[in-house]
Amino acid sequence: MVRENPAALLARLIPGQSFALTGGTVINDDGSQSASDIIVGADGRITVVEPFLDTGSCGACIDISGMLVSPGFVDAHQHLDKTGVLRFTPNPSGTLQGAREAFAKYARTADPDDIHKRATRTIGRCLSRGTTAIRSHINVDKDAGFHGIETLAAIRDAEKHRITLQLVAFMTPHPGQDFEWLGNNIDGAVALADAVGGTPAVSEDPPRYLDILFSAAVKSGKPIDLHLDEHLNAGVHLIDAALERVERFGMQGRTVFSHVSVLSALPRREFQRIAERLDKLNVGVVTLPAANLYLQGRDYEMLPPRGLTRVAELHRAGITIATASDNIQDPFVPTGSGDMLEIARWTLLAGHLRGDELSAAHSMITTAPARLMGLGKDYGFRPGARADFVITDCIDTDTLIAGGPDRAFVFSNGRLVSQSTTENIRLKENA
């Protein structure tokens with residue numbers, strides 16, 4: 001009996017039909033791999049994941065022997081209001097401040113239709129590459145107003161069956177910031193969002209600014225996700241000030257620090273003190289290799305730094321650390337495709353992980369960001385979770401991260417949303 005090509009069978013799955021995948025290798029939450037069958041219910045949720053299941057009652061049964069099944073990739077830090085504006089927002093200096101100024105100017109004229117078009121295009125590209133959940137920071141300030149967060153909130157609600165989208169109300173300070181405006185508008189912005197965010201290092205009064213952000217998070221009952229110390233000046237950092245507020249406002253386990261590039265500029269003993277406090281207060285970290293490799297260290301005459309935080313040391317210290325795209329084709333990062341496997345490789349190489357830590361890089365685009373986003377029981381291979389996963393022809397996790405698949409099938413909410421093969425790519429190139 002000839003086994004029918006699983007690709008053809010997967011493509012013929014009927015939306016709303018229960019199905020079983022048998023014989024595949026599943027990447028579990030702890031990074032281990034096991035031969036397990038998967039049954040997906042008609043509601044797009046996982047029914048059971050176990051070896052040798054009885055699949056007789058399923059609407060379809062597909063043998064995927066020899067294939068690897070990863071939970072869907074999670075991009076815990078993007079800027080969907082900025083995505084795709086590169087050609088409109090030149091940043092000749094290539095610096096962080098240059099990027100801020102370029103986007104602030106553009107944000108004054110960006111209308112909702114423009115934001116919607118760019119954001120939905122990037123979301124589609126991310127989904128096609130296996131990303132099934134995104135957390136996006138959305139500027140809210142006097143330049144951008146509420147256009148971005150209102151537009152993305154509408155997209156989040158309209159696309160919830162296709163992709164999990166979280167929004168961070170990114171209360172962006174500028175020189176001459178009007179704290180009265182911030183105080184008057186933060187509650188309205190947070191009401192549209194899923195988390196509270198900001199960038200204390202560029203505020204003219206960081207303690208006051210931090211208090212406003214943490215107070216809004218507590219009042220709304222929502223988590224906080226800060227752009228923290230995206231610089232390499234060891235003499236000026238706000239990590240202790242932010243951690244003091246995590247403790248004072250009771251935000252343990254509900255706080256994420258993104259970037260924290262300055263940790264790589266601190267003496268190791270000082271870093272270790274901070275790492276112990278991060279661990280004690282259950283604060284997570286997100287590293288953004290594309291942005292920090294591009295923006296940081298341009299003023300160094302010799303040995304320019306990588307610009308990332310201490311990725312490997314944070315991971316080995318047991319801190320929950322994820323990696324993410326940050327910006328995609330805008331003045332902050334002129335490149336980007338929404339491919340989290342690419343980001344994982346950049347993180348391993350630039351973050352000084354070792355060749356025997358490829359599985360750690362995988363966790364940084366799956367279970368770690370899922371934990372930081374609070375996806376909980378809705379994520380992973382467990383009964384009741386959304387059936388968000390990626391089937392590839394890789395033999396194991398290391399192979400998936402190191403070189404990627406030649407064939408991949410992306411499922412979101414139990415539906416096949418994308419399939420790709422290197423053969424398809426070659427045919428397009430030769431067309």
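Visitor: What makes the sheet with the order β8-β9-β10-β11-β12-β13-β14-β15 an open sheet?

Guide: Note that this is a predicted model. The sheet has 8 strands, and their pairing is parallel. Look at β8 (73–78) and β15 (321–323): each has a single partner strand, so one side of each is left without a neighbour in the sheet. Those two strands stand at the edges. Neighbouring strands are turned by 25 degrees against each other on average, direction ignored.

Visitor: How do you know that β11 and β12 pair?

Guide: Count the bridges. Two strands pair if there are at least two bridges between them. Strand β11 (residues 195–198) and strand β12 (residues 224–228) have 3 bridges, in the parallel sense. G198 stands opposite L226 in β12. By the cut-off of at least two bridges, therefore, β11 and β12 are a pair.

Visitor: Which strands does helix α6 touch?

Guide: Helix α6 (residues 206–220) packs on the sheet and touches β10, β11, β12 and β13 (255–259). Its direction makes about 175 degrees with that of β11. Helix α4 (residues 147–158) lies across β9 (131–140) and β10 (164–171). Helix α4 runs at about 165 degrees to β10.

Visitor: What holds a place on each side of β14 in the sheet order?

Guide: The order puts β13 and β15 there. β13 and β14 pair in the parallel sense over 3 bridges. S258 has V286 as its bridge partner in β14. Another 3 bridges join β14 to β15, and these two also run parallel. On that side, V286 stands opposite A322 in β15.

Visitor: Which helix makes a β-α-β unit with β13 and β14?

Guide: Helix α8 (residues 268–280) does, and the unit is right-handed.

Visitor: What makes both faces of β14 count as covered?

Guide: Side chains alternate between the two faces of the sheet in a regular strand. In strand β14 (residues 284–287), G284 and V286 are on one side. V285 and T287 are on the other. All four of these are buried, and both faces are covered.

Visitor: What is the order of the sheet of 6 strands?

Guide: The order is β3-β2-β7-β16-β17-β18, with mixed pairing, and this sheet is open too. Its edge strands are β3 (33–35) and β18 (415–421), each pairing on one side only. The twist averages 20 degrees from one strand to the next. Within the sheet, 4 bridges join β16 to β17, which run antiparallel. T392 stands opposite A408 in β17.

Visitor: How many aromatic pairs are there in the whole structure?

Guide: A search finds 5.

Visitor: Why is the pair of F19 and F411 called tilted?

Guide: Their planes stand at 35 degrees, with the ring centres 5.7 Å apart. Planes under 30 degrees apart would count as stacked, and over 60 as edge-to-face. F19 lies in strand β1 (residues 19–22) and F411 in strand β17 (residues 407–412), so the pair ties together parts that are 392 residues apart in sequence.

Visitor: Why is the pair of F389 and F411 called stacked?

Guide: The planes are at 25 degrees, which is under 30, so the pair is stacked. The ring centres are 5.0 Å apart. F389 lies in strand β16 (residues 389–392) and F411 in strand β17, so this pair ties together parts that are 22 residues apart in sequence. Ring pairs link F19, F381, F389 and F411 into a cluster.

Visitor: How do you know whether F389 is buried or exposed?

Guide: Buried means under 20% relative accessible area. F389 has 0%, so F389 is buried. F411 also has 0% and is buried.

Visitor: Why does G404 count as buried?

Guide: Its relative accessibility is 17%, which is under 20%, so G404 is buried. G404 is found in the loop between α14 (397–402) and β17. Leaving aside neighbours within four places in sequence, G404 is in contact with R345, C394 and T399. G404 and C394 are 10 residues apart in sequence, and 7.2 Å apart in space, C-alpha to C-alpha.

Visitor: What sits over the ring of F103?

Guide: The charged end of K82 does, 4.9 Å from the ring centre. The charged end of R298 sits over the ring of Y294, 4.6 Å from its centre.

Notes
Residues numbered from 1 in each chain as written. Predicted model: local features only at pLDDT ≥ 70, side-chain atom pairs only at ≥ 80, totals over all residues. Heavy atoms only, no water. Phe/Tyr/Trp six-rings, centres within 6.5 Å; stacked < 30°, edge-to-face > 60°. Buried < 20%, exposed > 50% of the residue type's maximum accessible area, 1.4 Å probe, protein only. Lys NZ or Arg CZ within 6 Å of the ring centre and 35° of its normal. Axes fitted to C-alpha atoms, helices over the stretch in contact; angles between N-to-C directions. Contact = heavy atoms within 4.5 Å. Right-handed = clockwise from strand over helix to strand, strands pointing away.
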